[in-house]
Amino acid sequence: MVVVMHEGATEEQIQHVIERLVGMGFGVHRSTGVRHTVLGAVGARLDFDTRDIELLEGVREVVRISAPYKLASRSFRPEGTVVEVGRGVQVGGREVIMMAGPCSVENPEQIQAIAKLVREHGAKVLRGGAFKPRTSPYSFQGLGPDGLKMMREAAEANSLLVVSEIVDHTQVQMMQELVDIFQVGARNMQNYVLLKELGKTKKPILLKRGLSATIEEWLLSAEYLMQGGNYNVILCERGIRTFETYTRNTLDLAAIPVVKKLSHLPVVVDPSQGTGRRDKVPPMARAAVAAGADGLLIEVHNEPEKALSDGAQSLYPEQFARLMQQLRIIAPAVERTIG
Ligand code: PEP
Ligand code: MN
């Protein structure tokens with residue numbers, strides 16, 4: 001942290017700031033310029049609040065230099081993290097991993113049909129919600145554990161892995177047996193009780209970005225998981241809330257290169273929640289791969305008109321097939337492969 005004192009700050013004020021910094025555990029380097037005294041505070045503390053210094057008499061400005069997270073930062077693992085999901089599938093390696101399926105698991109026939117078709121076109125992971133955190137309490141809430149079992153069976157029958165959303169810390173034990181990746185939804189990105197509980201497991205976690213979360217807040221949520229000992233964290237950009245209303249959310253594709261610089265964790269993109277409209281999903285999926293995404297999470301339905309949730313943003317089977325063909329052309333241009 002760098003503390004710039006006001007022009008004319010008294011020696012007494014400067015000394016007081018130095019004492020406070022030392023008391024917080026920092027080493028202090030003082031440099032006295034023609035007008036301003038600048039204090040460089042160095043040390044490994046992550047939990048300080050710059051406002052505590054900003055409010056001291058004589059302080060003009062405080063600039064935080066180091067990130068407030070450690071385990072999630074790129075410097076912790078400069079080479080990058082590859083998350084092993086199972087069946088030899090790696091997220092964060094050369095291959096862009098396709099995770100596809102319905103928004104919600106609805107019945108055995110539906111999930112079996114969709115599992116078969118996404119597998120045929122190159123998906124490695126079957127997505128589908130059994131616990132749906134819906135904006136309205138009157139909307140379909142998901143089939144719960146029964147839905148997870150249907151999904152597991154469909155995945156096994158088609159050599160796929162399973163990603164599904166967990167909405168409460170009491171579900172960890174039960175879901176552990178049935179999913180390969182825990183999905184933490186946008187609405188739960190800051191559910192710290194849930195994050196701490198998941199941090200104690202070893203299973204990969206897909207951490208969605210909160211609806212109005214900054215990249216720093218998102219990485220701090222990843223830090224919660226890692227602090228518990230689980231380093232198998234995959235970040236998922238799914239759009240944020242902005243003033244724009246045409247699309248359901250504003251898909252922040254710039255977050256991919258930004259996160260790649262700040263963190264070593266793999267980044268997956270969800271253009272389905274990100275745009276909310278099926279015609280906008282393929283262009284954004286193509287752009288995400290071109291921008292360096294390590295995977296995509298895409299909603300696909302065999303009969304989108306009949307879907308119990310998010311039908312309008314679910315791709316038709318033939319759209320998914322066409323998208324995969326296009327991604328097979330785009331991926332090599334950015335030194336990647338896709339199934
Ligand atoms: C979903 O993937 O269907 C979902 C509800 O996602 P999010 O948490 O990003 O809204
Ligand atoms: Mn959905």
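This is a predicted model: local features need pLDDT of at least 70, side-chain atom pairs count only at pLDDT 80 or more; totals for chains, interfaces and linings use all residues.
Reader: What makes up the protein chain in terms of helices and strands?

Author: The protein chain has eleven helices and 15 strands. Its C-alpha atoms fill a box of roughly 75 × 45 × 40 Å along the principal axes. Of its 339 residues, 52% count as buried. The accessible surface comes to about 15,000 Å², and carbon and sulfur atoms account for 52% of that surface.

Reader: Why is Cys 103 called buried?

Author: The word buried is used for a relative accessible area under 20%. Cys 103 has a relative accessibility of 3%, so Cys 103 counts as buried.

Reader: Why can the pair Cys 103 and Asp 310 be said to tie parts of the chain together?

Author: Cys 103 belongs to the loop between β7 (95–101) and α3 (108–120), whereas Asp 310 belongs to the loop between β14 (295–299) and α11 (317–333); the pair therefore joins parts that are 207 residues apart in sequence. Asp 310 has a relative accessible area of 18%, which is under 20%, so Asp 310 is buried as well.

Reader: Which residues surround ligand 1?

Author: The surrounding residues are Cys 103, Arg 127, Lys 132, Glu 165, Gln 183, Gly 185, Ala 186, Arg 187, Lys 208, Arg 238, Gln 273 and Glu 299. This shell divides into two nonpolar, three polar and seven charged residues.

Reader: How do you know that Arg 127 makes a polar contact with ligand 1?

Author: A polar contact requires a pair of N or O atoms within 3.5 Å. The corresponding distance for Lys 208 is 2.9 Å, and a polar side-chain atom of Gln 273 lies 3.3 Å from an oxygen atom of the ligand. The protein covers 96% of the 300 Å² of accessible area that ligand 1 has on its own.

Reader: Where is Asn 249 found, and is it buried or exposed?

Author: Asn 249 is in the loop between β12 (233–237) and α8 (255–262). Its relative accessibility is 5%, and because the limit is 20%, Asn 249 counts as buried. A polar atom of the Asn 249 side chain is 2.8 Å from the backbone oxygen of Gln 273. Beyond its neighbours within four places in sequence, Asn 249 has contacts that include Arg 238, Gln 273 and Gly 274.

Reader: Why is Val 82 called partly exposed?

Author: Partly exposed lies between buried, under 20%, and exposed, over 50%. At 38%, Val 82 falls between these limits and so counts as partly exposed. Val 82 is in the loop between β4 (59–63) and β5 (83–86). Val 82 and Val 63 are 19 residues apart in sequence, and their C-alpha atoms are 33 Å apart in space.

Reader: What makes Ala 100 a buried residue?

Author: Ala 100 has a relative accessible area of 0%, which is under 20%, and therefore Ala 100 is buried. Ala 100 has its place in strand β7. Among its contacts beyond four places in sequence are Val 118, Arg 127, Ile 298 and Phe 320. From Ala 100 to Asp 270 the C-alpha distance is 9.9 Å, although 170 residues separate the two in sequence.

Reader: Why is Glu 335 called exposed?

Author: Exposed is used for values over 50%. Glu 335 has a relative accessibility of 57%, so Glu 335 counts as exposed. Glu 335 lies in the loop between α11 and β15 (337–338). Its phi is positive, about 55°, although Glu 335 is not a glycine.

Definitions and conventions
Residues are numbered from 1 along each chain as its sequence is written. Chains are lettered from A and ligands numbered from 1 in the order in which they are written. Side-chain values use heavy atoms; hydrogens and water are left out. A residue is near a molecule or strand if one of its heavy atoms lies within 4 Å of it. A polar contact is a pair of N or O atoms within 3.5 Å; within protein, one must be able to donate a hydrogen and the other to accept it, and residues adjacent in sequence count only if both atoms are side-chain atoms. Accessible areas come from the Shrake-Rupley method with a 1.4 Å probe; for residues, only the protein chains shown count as cover. Ala, Val, Leu, Ile, Met, Phe, Trp, Tyr, Cys and Pro count as nonpolar, Asp, Glu, Lys and Arg as charged, and the others, Gly among them, as polar. Helices (H or I, at least four residues) and strands (E, at least two) are DSSP runs, numbered from the N terminus. Buried means under 20% relative accessible area, exposed over 50%, partly exposed in between (1.4 Å probe, protein chains only). Contact means heavy atoms within 4.5 Å.
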